[in-house]
Amino acid sequence: MTSRLVVLVSGSGTNLQALLDACADPDYGARVVAVGADRDGILALERAERAGVPTFVHRVKDYPSREEWDAALADDVAAYQPDLVISAGFMKLVGAAFLAKLRGRFLNTHPALLPSFPGMHGARDALAYGVKVTGATLFVVDEGVDTGVIVAQRVVEVEDDDTEETLHERIKVVERQMLVDAVGRIAREGYLVTERRFRFGSERPRS
Ligand code: GRF
């Protein structure tokens with residue numbers, strides 16, 4: 001059975017594009033059934049439309065409260081009956097209504113090696129701190145900011161002459177591969193979470 005993916009975006013959508021390209025192979029095991037955004041006029045929405053995938057947009061400023069925005073977003077996402085929801089460069093934190101509906105199925109990709117450098121500026125903060133390696137992390141979203149159970153990580157070396165832009169671009173290359181690999185494995189093999197340990201496959205390991 002093919003897993004149904006809903007992807008949430010806010011920007012250029014290169015992670016979304018990597019998933020769309022992977023899903024073109026029927027053996028991949030997943031397909032993108034909808035793309036949601038928190039803003040209009042972004043390249044990510046164009047990529048979805050080009051691929052013939054339905055889109056929806058919920059802007060926080062169009063709602064009387066953040067809670068109502070969150071509930072509307074959750075309703076639209078849930079209506080597509082996703083097996084997995086992927087925040088791929090979606091620059092908003094979701095709230096209680098969203099997690100109540102989609103907890104355990106909502107993954108986010110972050111451009112740093114968590115738990116280091118959570119928040120909006122993973123690449124910039126790693127560079128400012130002076131670390132020699134950083135990377136990308138895929139995790140299951142919980143109530144915290146980038147605190148959920150880790151699904152996958154990839155490492156990137158920091159170069160002496162890196163700027164935030166050059167470092168983030170190299171991170172994004174491995175981030176896309178990580179996302180495509182992990183989402184495909186989840187779709188084909190399933191996964192188990194025990195406390196903070198994530199494993200691909202549905203066989204419980206012997207303890
Ligand atoms: C990614 O590095 C993501 O982790 C970060 O923003 C970037 C989104 O890139 N939060 P794109 O829109 O997928 O190209």
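The structure is a predicted model, in which local features need pLDDT of at least 70, side-chain atom pairs count only at pLDDT 80 or more, and totals for chains, interfaces and linings use all residues. Residues are numbered from 1 along each chain as its sequence is written, and side-chain values use heavy atoms, with hydrogens and water left out.

**Helix packing**

Two packed helices are described by the angle between their axes and the distance between the axes. Helices (H or I, at least four residues) and strands (E, at least two) are DSSP runs numbered from the N terminus. Axes are lines fitted to C-alpha atoms, for helices over the stretch in contact, and angles run from 0 to 180 degrees between N-to-C directions.

| Helix pair | Angle | Axis distance |
|---|---|---|
| H1 (residues 14-23) and H6 (residues 164-189) | about 40° | 9 Å |
| H5 (residues 122-129) and H6 | about 120° | 9 Å |
| H1 and H2 (residues 43-50) | about 15° | 9 Å |

H1 is therefore roughly parallel to H2. H1 and H6 are oblique to each other, and H5 and H6 are likewise oblique. In these terms, angles under 35 degrees count as roughly parallel, over 145 as roughly antiparallel, 65 to 115 as roughly perpendicular and the rest as oblique.

H1 passes H6 in a right-handed crossing. A crossing is right-handed if the near helix is turned clockwise from the far one by less than a right angle, and left-handed if anticlockwise. The crossing of H1 with H2 is right-handed, and that of H5 and H6 is right-handed.

Contact means heavy atoms within 4.5 Å. From H1, Thr 14, Asn 15, Ala 18, Leu 19 and Ala 22 meet Lys 172, Glu 175, Arg 176, Leu 179, Val 180 and Val 183 of H6. This contact comprises 6 nonpolar, 2 polar and 3 charged residues. Here Ala, Val, Leu, Ile, Met, Phe, Trp, Tyr, Cys and Pro count as nonpolar, Asp, Glu, Lys and Arg as charged, and the others, Gly among them, as polar.

Towards H2, the H1 residues Thr 14, Leu 16, Gln 17 and Leu 20 meet Ala 44, Arg 47 and Ala 48. The contact of H1 with H2 divides into 4 nonpolar, 2 polar and 1 charged. In H5, Ala 123, Arg 124 and Leu 127 meet Glu 164, Leu 167, His 168 and Ile 171 of H6; by class, 4 residues of this contact are nonpolar, 1 is polar and 2 are charged.

**The largest pocket**

H1, strand S5 (106-110), H5 and H6 each give two or more residues to the lining. The lining has 13 nonpolar, 16 polar and 9 charged residues. About 730 Å³ of space lies in this pocket, the volume being the space filled by probe spheres set on grid points joined across faces, edges and corners.

**Backbone features**

Leu 114 and Pro 115 are joined by a cis peptide bond with omega of about 15°. Pro 115 is placed in the loop between S5 and H5. Gln 81, in the loop between helix H3 (66-79) and strand S4 (84-87), has a positive phi near 45° although the residue is other than glycine.

Technical notes
1 Å grid on protein atoms, 1.4 Å probe; cavity = no way out; pocket = protein on both sides within 12 Å on 5 of 7 lines; lining within 4 Å.
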